[in-house]
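My notes cover helix packing, the ligand site and some backbone angles.

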Amino acid sequence: MSSESFPTFDAFNIAELRERARARLPRGVFEYVDRGTEDELALANNRAAYDRVKLVPRVLRDVSRIDQTTQLFGTPLSMPLAIGATGGAALIWYDGDVALARAAKDAGIPFMISSASTTPIEQIAAVGGRQWFQLYPWENRALSYALVDKAYALGCEALVVTVDTATQPNREYNFRNGFGIPLRFNRRNVVDVLTHPRWLWGVLLKHLMTTGLPRQANLPEELRTKVTQNPQIGAAFRCDTLSWEEIRLLRRSWRGIFMIKGIVSPLDARQALEEGVDGLIVSNHGGRNLDSVVATLDALPGVLDAVGDRIPVLIDSGIRRGSDVVKALALGATAALVGRAPLYGLAVGGQAGVTRALELLRSEIARVMAFCGCRNIGEITRELVHGAPRCEIPRVELADAIGD
Ligand SMILES: Cc1cc2nc3c(=O)[nH]c(=O)nc-3n(C[C@H](O)[C@H](O)[C@H](O)COP(=O)(O)O)c2cc1C
């Protein structure tokens, strides 16, 4: 196997995969994946929080066998990681959503299907493995609820409602690149595409020659529009009206595991617990929405205080190294999710690239565990952490939170 045909094999960390993705993708697509919002403070803060926390290793503990398997909702994970929902994967690689799902399945970790994916949910679900369905509701809620029912029927074990996108984020680079909804062609992005022939042939023309330009695949046929068109009435995502009442309704009607993604406030964490969620994802959307939002690692202790050990708390936003995952677990997270890391791999080598990204993270987690004297996930504890995250959010004690 030459490294020419599998260019991801000579990327030795996520940052190198990112650089290869930058070369491979048109600027508009790369920036859509990679960048944050406004002044990109959240993007930097997410990283800074991980960099600030240091580890205090334990030594002389025979770390010749490292076991990073763990349990989530009573089912084993091969490592404490899952792939988070990312819409637009088909703009990065022709069958991007399926490639991500396959790589997750092969790696023995869950895959979260995005509401915004342009691949029909049936095709992604057919891959099998452990899948979660992420919901952004359309304005026409009946359509959304029908899709949620379909996700359940197709075997998704969890429904994940994303709650951190109450309005359109101000991603100025997307406007400049013509990369909005609808996608607009301008001189700048046409030149951009023409100067990236591998993407032009391997992604854009392949779409044009098969199913046409990517569309919202899970809408009824008559409501589907191309990425270059405005959504039809009722078929735009409408999250500004989402409320706890709707969460309650969804919770009641979903028979599987129910999670909320995008919690950073202990007060919301407390409310979520009261509404009967099975798990929370501390997330700020990878720093892509509210630019002045708290870093997720800094928010984690407050959320954990609010929910105690009653439900698993997962975290994402900013994870690029195995050491980040170990830090999050040491502070009390059950598992972490990655959004961009697998997408960088996807851009470079499709499914093989995603697998490369996951294997890099897996080996980094194992190495950090060995250095820290942790032979299994249970041994990754709070004592490992030097330099507590900056949690200045008022803490909500569990007793106050749920009245016991
Ligand atoms: C290109 C892209 C598309 C995304 N699309 C969605 C989405 O459709 N639904 C969702 O809940 N989150 C979405 N997210 C957020 C991710 O699920 C995740 O929270 C975030 O990427 C984690 O941060 P990280 O990229 O630093 O790992 C998206 C992120 C990216 C980078």
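The entries below follow the order in which I looked things up.

**Entry 1: the model**
I am working from a predicted model.

**Entry 2: α4 on α14**
I began with helix α4, residues 96-107, and helix α14, residues 340-371. Their axes come within 10 Å. I read a crossing angle of roughly 20 degrees. Angles under 35 degrees count as roughly parallel, so α4 is roughly parallel to α14. The crossing of α4 past α14 is right-handed.

I then listed who touches whom. From α4, the contact uses G96, A99, L100, R102, A103, A104, D106 and A107. From α14, I noted P342, L343, L346, G350, Q351, V354, T355, L358 and R362. Sorted by class, this contact has 10 nonpolar, 4 polar and 3 charged residues.

**Entry 3: α2 on α14**
Next I checked helix α2, residues 27-34, against α14. The axes are 10 Å apart, and the angle is about 160 degrees. An angle over 145 degrees counts as roughly antiparallel, so I logged α2 as roughly antiparallel to α14.

F30, V33 and D34 are the α2 residues in this contact. R340, L343 and Y344 supply the α14 side. I counted no polar residues here, with 4 nonpolar and 2 charged.

**Entry 4: α11 on α12**
Which way do α11 and α12 cross, left-handed or right-handed? I found a right-handed crossing. Helix α11 spans residues 266-274 and helix α12 spans residues 296-307. They pack at about 35 degrees, with axes 8 Å apart.

P266, A269, R270 and L273 of α11 make the contact. Their partners on α12 are G302, V303, A306 and V307. The class tally is 6 nonpolar, 1 polar and 1 charged.

**Entry 5: the ligand site**
How many residues surround the ligand? I get 23. The closest are A85, S114, T162, D316 and G318.

A polar side-chain atom of S114 is 2.6 Å from a ligand oxygen. R340 comes to 2.9 Å of a ligand oxygen, through a backbone N or O atom. G87 also uses a backbone N or O atom, at 3.0 Å from a ligand nitrogen. R340 was already in my notes, as one of the α14 residues in contact with α2.

**Entry 6: positive phi**
Last, I looked for positive phi in residues other than glycine. E40 has phi near 60 degrees. I placed E40 in the loop between α2 and α3, where α3 is residues 41-52. D62 is not a glycine either, and its phi is positive at about 50 degrees. Where does D62 lie? I found D62 in the loop between β1, residues 54-55, and β2, residues 70-72.

Conventions. Residues numbered from 1 in each chain as written. Predicted model: local features only at pLDDT ≥ 70, side-chain atom pairs only at ≥ 80, totals over all residues. Heavy atoms only, no water. Axes fitted to C-alpha atoms, helices over the stretch in contact; angles between N-to-C directions. Helix = DSSP H or I, 4+ residues; strand = E, 2+ residues; numbered from the N terminus. Parallel < 35°, antiparallel > 145°, perpendicular 65-115°, else oblique. Left-handed = near helix turned anticlockwise from the far one by under 90°. Contact = heavy atoms within 4.5 Å. Nonpolar A, V, L, I, M, F, W, Y, C, P; charged D, E, K, R; others polar. Near = heavy atom within 4 Å. Polar contact = N/O pair within 3.5 Å; in protein donor to acceptor, adjacent residues only side chain to side chain.
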